[in-house]
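Dear colleague,

I am passing on the structure we spoke about, with the sequence and the coordinates shown just below. My notes on what was found in it come after that, and I would be grateful if you could read them beside the model.

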Amino acid sequence: MNVYDGERIGELLGARGLTAAGEGEDADLVVLNTCHIREKAAEKVYSDIGRLNRKDGSSPMIAVAGCVAQAEGEEISRRAPSVDIVVGPQAYHRLPDLIARAARGEAAVDTDMPAISKFDHLPRRPTQPRPTAFLSVQEGCDKFCTYCVVPYTRGAEISRPWGDIIDEAKALVDGGAREITLLGQNVNAWTSVDDSGRKQGLDGLIRALDALTGLERIRYTTSHPNDMTQGLIDAHADVAALMPYLHLPVQSGSSRMLKAMNRSHSRESYLEIIARVRQARPDIAISGDFIVGFPGESDADFEDTLSIVRETGYAAAFSFKYSPRPGTPAAEMDDQIPAEVMNERLQRLQALLAEQSQAFNAASVGKTCAIMLERTGRKPGQLIGKSPWLQSVHIDGAGHAIGDLVEVELVSAGPNSLAGVKTRKVAA
Ligand code: 5AD
Ligand code: SF4
């Protein structure tokens, strides 16, 4: 979502006549779009700000945007006086005004969560530099997992209206996008009413987007297990453009930990959802997020996480050490886990997850599938695209261009990518 927000900020400023600079130090304005999810990400902002200071002591105009801005507000300019603007994730459409204020030497801090959505103030999407595009459909979260800052920094759960999303999707496709990834902190909680007043969930939106000519592929991320409706699961069975990939974070395999995390699902209910998803789409790639070392996590709880990984079989995953975040209930809990224990658990978990993703890639060898070419590879003439299962596949790109959908046979697998050989061109 920060990539999406960064693009929209760039488009907004571009519409005001600003152009992109090469390097931070040469720019007149630098916007740092920040993440507050773990301490490491939040602290990185301050070292980035430090690096923008020029030798003569001056600096470009610096705007800190995103969730660190929301969480820390004016505290940021106190800690880093070279910061001119602080703007939260729901207020960045006001950047032009904040820039004008900062240029006059006035305070420019905006961490409002305005009732009128920023989306109403952003320019229409321009031509896409890539065939793949992100589209935010849902923001914020009401789930309040006890470790997580998102409900505080992104605000309450909101769904963008049906018509606005369809219009933005059309603009993206007109601008050259052939694949759209729908985004939300709880994307599968998205809900709205369609043009005829019928209530719709994410599956309805996916079916409507499937009807857009020129849009070949649809993805969505991130989903919460409790919002995984049967309608959405069914869409995986019968919407061909919906790619067979599901990012469904479980966080822990221990129902005791899940309760302490306020996840409102259990180990068993998660596994039951995965089984139904696999029934609908047997080849689906499952990915997940994991936290090790949540307060009170015992060896047995951690073993439950390893065993849910073995039972589920992940094609990809993101795993993190628990990071206490200011203002969240878990940060105040007893029995915080020592760093050495967390490190050891993370290593074991990551070794297992790496083994699984390599096994998933190896099992793909011999399959024929379409890949969407997205970028050039390291070797001359090479092009890299994504398989339906979101694996990177490199091919000899002769006769092809970025944006092509090419049918390939997957012929070998490495740890991070596969090699493909063209069978025939599906569509230009
Ligand atoms: N510490 C570690 N990981 C976290 N995540 C969210 N909050 C924290 C935290 N305090 C992880 C979760 C979530 C992902 C986006 O980040 O796994 O799914
Ligand atoms: Fe954070 Fe996701 Fe839990 Fe919401 S559902 S509080 S975004 S981890």
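Two strands are taken to pair here if DSSP finds at least two bridges between them. Please keep in mind throughout that this is a predicted model.

With that criterion, strand 3, which covers residues 83–87, pairs with strand 4 in the parallel sense over three bridges, and within this pairing valine 86 has valine 109 of strand 4 as its bridge partner. Both strands belong to an open sheet of four strands, arranged in the order 1-2-3-4 with parallel pairing. Its edges are formed by strand 1 (29–34) and strand 4 (108–110), each of which pairs on one side only, and neighbouring strands of the sheet are turned by 20 degrees against each other on average, direction ignored.

Two helices can be described together with this sheet. Helix 1, made of residues 2–15, lies across strand 1 and strand 2 (61–66) and runs at about 155 degrees to strand 1. Helix 5, made of residues 95–103, packs on the sheet and touches strand 1, strand 2, strand 3 and strand 4, its direction making about 155 degrees with that of strand 3.

As for the division of the chain, the domain assignment gives domain 1 (2–110), domain 2 (118–364) and domain 3 (368–426). The C-alpha centres of domain 2 and domain 3 lie 26 Å apart, and 17 residues of domain 2 are in contact with 20 residues of domain 3. Between them these two domains bury about 1,500 Å², with 59% of that area on carbon and sulfur atoms. On the side of domain 2, the residues that lose the most area to domain 3 are Pro131, Arg217 and Asn361, which together account for 35% of what that side buries.

A further open sheet is built from three strands in the order 12-13-14, again with parallel pairing. Strand 12 (245–247) and strand 14 (316–321) stand at its edges with a single partner strand each, so one side of each has no neighbour in the sheet. Neighbouring strands are turned here by 10 degrees against each other on average, direction ignored. Strand 13, residues 285–292, pairs with strand 14 in the parallel sense over six bridges, and aspartate 289 has phenylalanine 318 in strand 14 as its bridge partner.

Two points of backbone geometry deserve a look, given that most residues other than glycine have a negative phi, and most peptide bonds are trans. Threonine 221 and threonine 222 are joined by a cis peptide bond with omega of about 0 degrees, and threonine 222 sits in the loop between strand 11 (217–221) and helix 9 (230–238). Glutamine 251, although not a glycine, has a positive phi of about 75 degrees, and its place is in the loop between strand 12 and helix 10 (255–260).

Finally, which residues surround ligand 2? They are Cys141, Lys143, Phe144, Cys145, Tyr147, Cys148, Val150, Pro151, Asn186, His224 and Arg263, and this shell divides into seven nonpolar, two polar and two charged residues.

With best regards

Note on methods
Residues are numbered from 1 along each chain as its sequence is written. Chains are lettered from A and ligands numbered from 1 in the order in which they are written. This is a predicted model: local features need pLDDT of at least 70, side-chain atom pairs count only at pLDDT 80 or more; totals for chains, interfaces and linings use all residues. Side-chain values use heavy atoms; hydrogens and water are left out. A residue is near a molecule or strand if one of its heavy atoms lies within 4 Å of it. Ala, Val, Leu, Ile, Met, Phe, Trp, Tyr, Cys and Pro count as nonpolar, Asp, Glu, Lys and Arg as charged, and the others, Gly among them, as polar. Axes are lines fitted to C-alpha atoms, for helices over the stretch in contact, and angles run from 0 to 180 degrees between N-to-C directions. Domain bounds come from an automatic or database domain assignment. Contact means heavy atoms within 4.5 Å. Buried area is the accessible area (1.4 Å probe) that two parts lose on being put together, summed over both.
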